[in-house]
Amino acid sequence: MKRLVFARTGPPAEVLRLEDDVPTPVPQRGEVLVRMLAAPINPSDLMFIGGRYGLQPQVPAVPGFEGVGIVVSQGGGLLARLRLGQRVALLGARSGTWTEYTVAAARQVLPVPDDWPDEQAATFFVNPATALAMVRYVLRVPRGAWLLQTAAASEVGKMVIRLGRWYGFRTLNVIRRPEQREQLQRLGADVILLDSDGPLAEQVARHAPEGVRFGLDPVGGPLGSALLAALAPGAHALIYGSLADAPLQVDPRLLISTGLCVQGFWLARWLTHQNLFRLLRFFRRVRRLIGQGVLQSSIAAVYPLEQYLAALEHASRPGKGGKVLLRLGSR
Ligand SMILES: NC(=O)c1ccc[n+]([C@@H]2O[C@H](COP(=O)([O-])OP(=O)(O)OC[C@H]3O[C@@H](n4cnc5c(N)ncnc54)[C@H](OP(=O)(O)O)[C@@H]3O)[C@@H](O)[C@H]2O)c1
């Protein structure tokens, strides 16, 4: 089989190699063998390959934390046997997902409806689950409240806007490209702010004079710091990415005097704190909201595995407007 692999961390286009004669992995008890159909290239994959992620790779390693495929064999156990023949979304895999075949724990694969395109099924996990968990389970943004977010044109950002429409909270959305304004308006963004249009706190105060109690930032650096300074006393902000690769600055007096709560969010860690019953209910909800279009991903392009260099370049391109996927097989 073919797979992408890296033997040392570094810039993805430099360290990734396409191997084309690798033995297919063997599932152990409780695991399934999945023939992969498609997998996205997420910012977390690029950081993982670069050695800049919360989890360090055990090299040589195959990237990819999610994807879609068909279960073609199993290593024993009731759940693994049940999954045989099903098209499933992978919530992590022992041997990565940028590969033609992978093995995963049977409890980490979820059957997906037949009428979902592979592209939506492949992006089932990382972004939809993150957007829903942050907004409904951690921040618990109430109906009518304002939420301020940076990188609003990201896939997570667009899902947060649709969740706002769906659950009745209002969104203030910071972007860095004016051409993205119209698309976010169509999704239902209440307010769109350009980070180049002057101090963020002033822009926010003009649109939400009553104050903003909820914030989401995946950028860090000066923009993330400006988001923290623009929030109301006692606000709750989640930091869930480091796109600017620069530290946040926050005036300690702001934390002390206003009670601002700044909390990191990582889906992988959040999931480990949920019991099985809550997890099942959570993923049923994610599946329903994808089906209803609320947590759908926009797809920018799909590349065959052999064209991974072009795919990596596209995935890192500013303003790409949707997910870039690798096509790994066909149904
Ligand atoms: N913590 C978690 O568990 C978790 C889970 C899922 C995702 N995430 C994080 O969520 C973020 C978004 O993921 P995604 O898949 O939705 O991303 P995406 O669709 O690839 O979009 C990335 C967005 O970030 C913007 N951006 C990149 N660098 C920026 C910078 N320096 N300043 C301002 N904006 C910048 C881009 O703006 P342009 O459109 O202008 O290029 C683009 O809109 C990533 O940081 C990812 O790691 C975290």
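Biologist: In this predicted model, which residues count as contacts of L326, leaving aside its neighbours within four places in sequence, and what makes them contacts?

Modeller: Two residues are in contact if their C-beta atoms, placed from the backbone, lie within 7 Å, and with those neighbours left aside L326 is in contact with A38, A39, I41, W98, Y303, L305, Y308 and A311.

Biologist: What is the place of L326 in the largest nonpolar core?

Modeller: That core has 94 residues, and L326 is listed with V34, A89, V109 and V212 as those with the most contacts inside it. Strand β3, residues 31-41, gives the core its largest share, which is eight residues. The core draws at least three residues from each of domain 1 (3-123 + 297-327) and domain 2 (130-266).

Biologist: How do you know that β11 and β12 are paired strands?

Modeller: Two strands pair if at least two bridges are found between them, and four bridges join β11 (residues 214-217) to β12 (residues 236-239), so these strands meet the condition, and they run parallel. Among the partners, F214 has H236 in β12 as its bridge partner, while G215 stands opposite A237.

Biologist: What makes β8 and β11 a pair as well?

Modeller: Three bridges join β8 to β11, again in parallel, and because two would be enough, they pair. Here L148 has G215 of β11 as its bridge partner.

Biologist: Why is the crossover from β11 to β12 called right-handed?

Modeller: The chain passes from β11 through helix α9 (residues 221-229) to β12. With the strands pointing away from the viewer, a path over the helix that runs clockwise is right-handed, and this β-α-β crossover is right-handed.

Biologist: Why are β10 and β13 described as standing at the edges?

Modeller: The six strands form an open sheet in the order β10-β9-β8-β11-β12-β13, with parallel pairing. β10 (191-194) and β13 (261-264) each have a single partner strand, so one side of each is left without a neighbour in the sheet. Direction ignored, neighbouring strands of this sheet are turned by 20 degrees against each other on average.

Biologist: What makes both faces of β11 covered?

Modeller: In a regular strand the side chains alternate between the two faces of the sheet. On one side of β11 F214 and L216 are buried, and on the other G215 and D217 are buried too, so that both faces are covered.

How values were computed: Residues numbered from 1 in each chain as written. Predicted model: local features only at pLDDT ≥ 70, side-chain atom pairs only at ≥ 80, totals over all residues. Axes fitted to C-alpha atoms, helices over the stretch in contact; angles between N-to-C directions. Core = buried A, V, L, I, M, F, W, Y, C linked by C-beta atoms within 7 Å. Buried ≥ 20, exposed ≤ 12 C-beta atoms within 10 Å, placed from the backbone. Domains from an automatic or database assignment.
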